[in-house]
Amino acid sequence: MAPPAPGPASGGSGEVDELFDVKNAFYIGSYQQCINEAQRVKLSNPEKEVERDVFLYRAYLAQRKYGVVLDEIQPSSAPELQAVRTFAEYLAGSCRDAIVVELDREMSRSVDVSNTTFLLMAAAVYFHEQNPDAALRALHQGDSLECMAMTVQILLKLDRLDLARKELKKMQDQDEDATLTQLATAWVNLAVGGDKLQDAYYIFQELADKCSPTVLLLNGQAACHMAQGRWEAAEAVLQEALDKDSSHPETLVNLVVLSQHVGKAPEVTNRYLSQLKDGHRSHPFIKEYQIKENDFDRLALQYTPSA
């Protein structure tokens, strides 16, 4: 059964969330739409402007436009925006070690847990640093749906499906129909496998039909197809994703996996790998692949016949 289509969320006071379209576009990976909505939305409450700008600049980061964020967020900007700027500096590759040291120092002190953006950005830095324990410690200090959704992602990455299910239950208790909760449900269903794979596919498909078939949602559909052995269907969806963003790393990784499974010519796989190496040299998949390449070269030398 497909989930209900997302609609404007209401707070406990019954007020409609004026930033619903901005947030929803960001969550499903429609980053340009998020930027457009953020620039167009008329807010009745000036306090919402900072929250709007947080999503605006995070969308620019997702598009790898780090310079925009670094140019526009000033030292006088709100703490939430400063957290986004720190993540931009990290992604831009400037002084990463120093950023992590400073973040460790901040996390060791009393943290303003109401600053959800800081917790999310801190967790993102730690996750990039392949330090999931520190990322989870940061996220556990927040109670927002986005903190919980990122927690689910990290727990699944650690193969802790049991804990991911518990975190998903908390999300469902808080807002079962929220886009983030639906996405997290799909991620967990993918990890469970079996009959749940079709449930996961329906969620990605429903969100794509009602909102937009973004690269994120298309990769979700492709993952469901591949897990069910539907390689032709997966390839069609991944080609659609590639047409939307020819350098999207997860699309390229999935195409590498698919090419190997269906027995495509080695140059096809190598082409996708070369694209990944060119544009995403620090991606975890590439780092792990290069470690294995080096290991193979080292072992091969041991069996080189002597002259």
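Q: Where do K196 and D199 lie, and how many residues apart are they?
A: In this predicted model, K196 and D199 both belong to helix α12, where three residues, about one turn of the helix, separate them. Their side chains form a salt bridge whose closest N and O atoms are 4.0 Å apart.

Q: Is K196 buried or exposed, or partly exposed? And what of D199?
A: The reading rests on relative accessible area: under 20% is buried, over 50% is exposed, and values in between are partly exposed. K196 is partly exposed because its relative accessible area is 37%. D199 is likewise partly exposed, at 27%.

Q: Which residues of α12 are buried?
A: The buried residues of α12 are L197, Q198, A200, Y201, I203, F204, E206, L207 and A208. The cover over these buried residues includes α11 (179-192) and α13 (215-227). As for its dimensions, α12 spans residues 196-210, 15 residues in total, and reaches 21 Å from its first C-alpha to its last. That is close to the 21 Å expected at 1.5 Å a residue.

Q: Which residues does Q221 touch?
A: Leaving aside residues up to four places away in sequence, Q221 touches Y201, F204, Q205, A208 and V237. Q221 is itself found in helix α13. With a relative accessible area of 5%, Q221 is buried.

Q: How many salt bridges does a search of the whole structure find?
A: The search finds 15 salt bridges. One of the pairs to inspect is E51 with K48, whose side chains meet at 3.4 Å, N to O. Both residues lie in helix α3, three residues apart, about one turn of the helix. E51 is partly exposed, with a relative accessible area of 27%, and K48 counts as partly exposed at 23%.

Q: Which residues do salt bridges that share partners join into one network?
A: Such shared partners join D17, K23, K48 and E51 into one network.

Q: How many aromatic pairs does the structure hold?
A: There are six aromatic pairs in the structure. Among them is the pair of F26 and F55, with 5.6 Å from centre to centre and 80 degrees between the planes, an edge-to-face arrangement. F26 is in helix α1 (residues 20-27) and F55 in helix α3 (residues 48-62), so this pair ties together parts that are 29 residues apart in sequence. Both F26 and F55 are buried.

Q: Why is the pair of Y27 and F55 edge-to-face?
A: Planes over 60 degrees apart count as edge-to-face. The planes of Y27 and F55 stand at 80 degrees, with the ring centres 5.9 Å apart, so the pair is edge-to-face. This pair links distant parts of the chain, with Y27 in helix α1 and F55 in helix α3, 28 residues apart. Y27 is buried, with a relative accessible area of 17%, and F55 is buried at 6%. Ring pairs link F26, Y27, Y31 and F55 into a cluster.

Q: What sits over the ring of F55?
A: The charged end of R58 is placed over the ring of F55, 5.6 Å from its centre. In another case, the charged end of R96 sits over the ring of Y90, 4.3 Å from its centre.

Terms used
Residues are numbered from 1 along each chain as its sequence is written. This is a predicted model: local features need pLDDT of at least 70, side-chain atom pairs count only at pLDDT 80 or more; totals for chains, interfaces and linings use all residues. Side-chain values use heavy atoms; hydrogens and water are left out. Helices (H or I, at least four residues) and strands (E, at least two) are DSSP runs, numbered from the N terminus. The expected span of a helix is 1.5 Å times one less than its number of residues. Buried means under 20% relative accessible area, exposed over 50%, partly exposed in between (1.4 Å probe, protein chains only). Contact means heavy atoms within 4.5 Å. Rings of Phe, Tyr and Trp (its six-membered ring) pair if their centres lie within 6.5 Å; planes under 30 degrees apart count as stacked, over 60 as edge-to-face and the rest as tilted. A charge sits over a ring if NZ of Lys or CZ of Arg is within 6 Å of the ring centre and within 35 degrees of the ring normal.
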